[in-house]
Structures are given as C-alpha cells and as structure tokens.
Amino acid sequence: MKKRGHLLYLDLQESKQGPHGFLAGKTGSGKSEMLRNILLQLVVQNSPKLFQYILIDFKGGAFGQYFMHFPHCQGMLTNLEKDQWNALIKVLQAFLGKIQ
C-alpha cells in the first residue's frame, strides 16, 4: 500500500486461504501497531466462542500484556518463559487434534 487513507480488507475465512497470516517488516515499520489493530477488531467483533488466540510474544510480553485479559485469549508465551515451550507444544497438538 503506497497511498495513505485507503481501506484494507482482510478476508480471514477458513474456506478460502485459511485463518493464518504472516506479517513482516523492518524495525519501526508499524508491524506491532497493525497487529494490535487487527487483533482488537477481531476481539470486538467476535465472541470468544467464534474467535480465540494464543499470544506468542518475543518482546518479553510487552505486546501481549494488552490482550491477555480478553476471554478470547487461550494463553500467552513470551521469550522469557523458555520452560513453557513444551506446554505450548502440547496445547497446540491438542488444539490441532480438536479441529481436525
């Protein structure tokens, strides 16, 4: 997007390209701000029954601290909690088994 002020629509329907995404950019380019806005809109517009997330925050929890208290949040892991990686793997495996 080169022009400012244009709306950007994200189609997160699972029947199309899936509900997953990838966001990349240089330091200071606004990745966290964009992700924060997307996540906030998803929380506001969807019930916890329809939308859940797990926060994986490699900034020591600085980003996730704002979103970990919503009922949509199923857990949070930061780069400071290395002992919880095995627990995360188990949770993800259980989740994947549940949706298949």
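Student: What share of the contacts with a separation of 6 or more comes from residues 24 or more positions apart?

Tutor: In the protein chain, 29%. Contact here means heavy atoms within 4.5 Å. This is a predicted model, where local features need pLDDT of at least 70, side-chain atom pairs count only at pLDDT 80 or more, and totals for chains, interfaces and linings use all residues. Residues are numbered from 1 along each chain as its sequence is written, and side-chain values use heavy atoms, with hydrogens and water left out.

Student: OK. In what order do the elements run?

Tutor: From the N terminus, α-β-β-α. That is two helices and two strands. Both kinds are DSSP runs, numbered from the N terminus: helices are H or I with at least four residues, strands E with at least two.

Student: How much of the chain is buried?

Tutor: Buried residues make up 17% of the 100 residues. Buried means under 20% relative accessible area, exposed over 50%, and partly exposed in between, with a 1.4 Å probe and protein chains only.

Student: Which residues form the largest nonpolar core?

Tutor: Nine residues: Leu39, Leu42, Val43, Phe51, Tyr53, Leu55, Phe63, Phe67 and Cys73. Helix H1 (31–45) and S1 are the elements that give two or more residues to this core. H1 has the largest share, three residues. A nonpolar core is a set of buried Ala, Val, Leu, Ile, Met, Phe, Trp, Tyr and Cys residues joined through side-chain atoms within 4.5 Å.

Student: What does leucine 55 touch?

Tutor: Not counting residues up to four places away in sequence, its partners include Leu39, Phe63, Phe67, Met68 and Cys73.

Student: And methionine 68, where does that lie?

Tutor: In the loop between S1 and S2. Methionine 68 counts as partly exposed because its relative accessibility is 39%. Beyond four places in sequence, methionine 68 touches Leu55, Cys73 and Met76.

Student: How far is methionine 68 from tyrosine 53?

Tutor: 9.4 Å in space, C-alpha to C-alpha, and 15 residues in sequence.

Student: Switching to histidine 72. Buried or exposed?

Tutor: Buried, because its relative accessibility is 4%. Histidine 72 is in the loop between strand S1 (53–57) and strand S2 (73–78).

Student: Which backbone oxygen does its side chain reach?

Tutor: The one of valine 43, at 3.4 Å.

Student: What else is histidine 72 in contact with?

Tutor: Leaving aside neighbours within four places in sequence, the contacts of histidine 72 are Val43, Asn46, Ser47, Pro48, Phe51, Gln52 and Tyr53.

Conventions:
Polar contact = N/O pair within 3.5 Å; in protein donor to acceptor, adjacent residues only side chain to side chain.
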